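Dear colleague,

Please find below the structure I am handing over to you. My notes on it come after the display.

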Amino acid sequence: MDKLEKPQVIVHVQKVLNYTAYDAKWIPCSARFVVLGSHPKGTGAMQIYEVSRGTANLLTDVEKKASFKCGTFGGSSLQQRHLATGDFEGKLMMWNLEKTELPVYSVKAHKEIINCINGVGGVGIGEGAPELVTGSRDGAVKVWDPRQKDEPVANMEPADGQDRRDCWCVAFGNAYNADERTVVAGYDNGDIKLFDLKNMSLRWETNVKNGVCDIQFDRRDILMNKLVATTLESKLFLWDMRTQHPTKGFAMLSEKAHSSTIWCVRHLPQNREVFMTCGGSGSLNLWKYSYPPKRVMKDSEGQEMGVVGSVDLLQNVNLSTQPVSSLDWCPDKEGLAVCTSFDQTVRVLIVTKLKKV
């Protein structure tokens with residue numbers, strides 16, 4: 001691709017914060033985003049900004065008892081737009097951002113910090129019930145329906161006496177009808193486990209030898225298509241999830257990037273073949289996936305196996321001297337994104353020429 005035709009990553013707005021930001025999310029159907037994090041004294045920070053005329057104006061500034069680690073709008077309807085958060089005390093809460101005094105839903109979900117959260121069935125994404133999945137340092141992965149109080153609808157955790165690994169990332173997938181749904185989880189020892197929620201079974205597992213920092217399907221609301229995981233030691237892995245071989249599992253490619261930990265991966269909502277990865281060196285990489293000529297082939301015994309394509313680096317840019325801890329694409333405006341980094345800064349980004357890739 002010609003240099004001038006490549007997508008460019010432009011910092012549109014940057015705001016310095018007085019706390020450590022762990023996550024930022026666009027509020028659906030708005031020009032606003034919410035930033036979640038931790039004040040130096042260990043209290044939770046929640047701020048809402050509105051992007052207007054080249055700047056981000058602070059609308060709401062809330063401080064809560066425990067630091068926030070992660071958030072999602074995925075378990076709430078577009079009408080309500082309630083934000084679900086996981087905090088350092090293991091609490092899962094949902095907030096009406098117009099009235100943040102008390103949560104609209106709260107449960108002590110885990111014994112330790114909630115590292116990650118994902119939602120499906122809300123905000124028009126995925127069929128079936130509006131559910132949330134949380135992963136924690138206590139080793140458990142739990143699925144919650146906010147309409148049911150106190151008890152998770154599914155709990156995937158090691159049996160007594162088994163090794164409890166720190167769960168760093170979770171994601172929903174395969175929610176293409178009201179019955180089907182999977183959850184994938186990544187752990188600090190490199191384990192990746194795919195749980196089938198319809199049959200309540202472990203469908204597939206693998207190990208990528210390094211702690212899994214983030215994991216995401218290219219779409220939550222379609223038949224499983226592609227899965228990307230990012231790890232410590234600057235590796236990203238991509239699986240073609242359409243064809244599962246009985247012994248070899250899913251076809252996979254790996255790529256080295258960022259020369260540091262890859263903190264997160266986010267697929268573009270408007271084009272599932274494009275995704276961004278965020279590095280520990282403060283860098284962003286924009287990738288495009290290309291499918292192979294044939295996605296399925298037969299092995300020597302006539303069993304179907306998947307064929308993986310290739311990824312191309314479209315653009316890379318350095319934003320910060322510190323790790324980029326989170327990124328969220330705007331669901332409503334292609335190329336608009338918000339990211340947080342450990343230099344206590346939130347940035348609004350514009351990625352150009354995405355229509356041309």
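The notes cover a pocket, a strand pair and one serine.

This is a predicted model, in which local features need pLDDT of at least 70, side-chain atom pairs count only at pLDDT 80 or more, and totals for chains, interfaces and linings use all residues. Residues are numbered from 1 along each chain as its sequence is written, and side-chain values use heavy atoms, with hydrogens and water left out.

The second largest pocket holds about 310 Å³ of space (a pocket is an open set of points on a 1 Å grid over the protein atoms alone, where a 1.4 Å probe fits, with protein on both sides within 12 Å along at least five of seven lines; lining residues have an atom within 4 Å of a point; the volume is the space filled by probe spheres set on the points, which are joined across faces, edges and corners). Its lining has 16 residues, and Glu 157, Pro 158, Tyr 187, Lys 193 and Phe 195 lie nearest the centre. Strand S16 gives the largest share, four residues (strands are DSSP runs of E, at least two residues, numbered from the N terminus).

Strands S8 (residues 91-95) and S9 are antiparallel, paired over four bridges (pairing requires at least two DSSP bridges). Met 93 has Ser 106 of S9 as its bridge partner.

Ser 341 belongs to strand S29 (residues 336-341) and is buried, at 1% relative accessible area (buried means under 20%, with a 1.4 Å probe and protein chains only). Its side chain makes a polar contact of 2.9 Å with that of Arg 347 (N or O atoms within 3.5 Å, one able to donate a hydrogen and the other to accept it; residues adjacent in sequence count only if both atoms are side-chain atoms).

Yours sincerely

Technical notes
Buried < 20%, exposed > 50% of the residue type's maximum accessible area, 1.4 Å probe, protein only.
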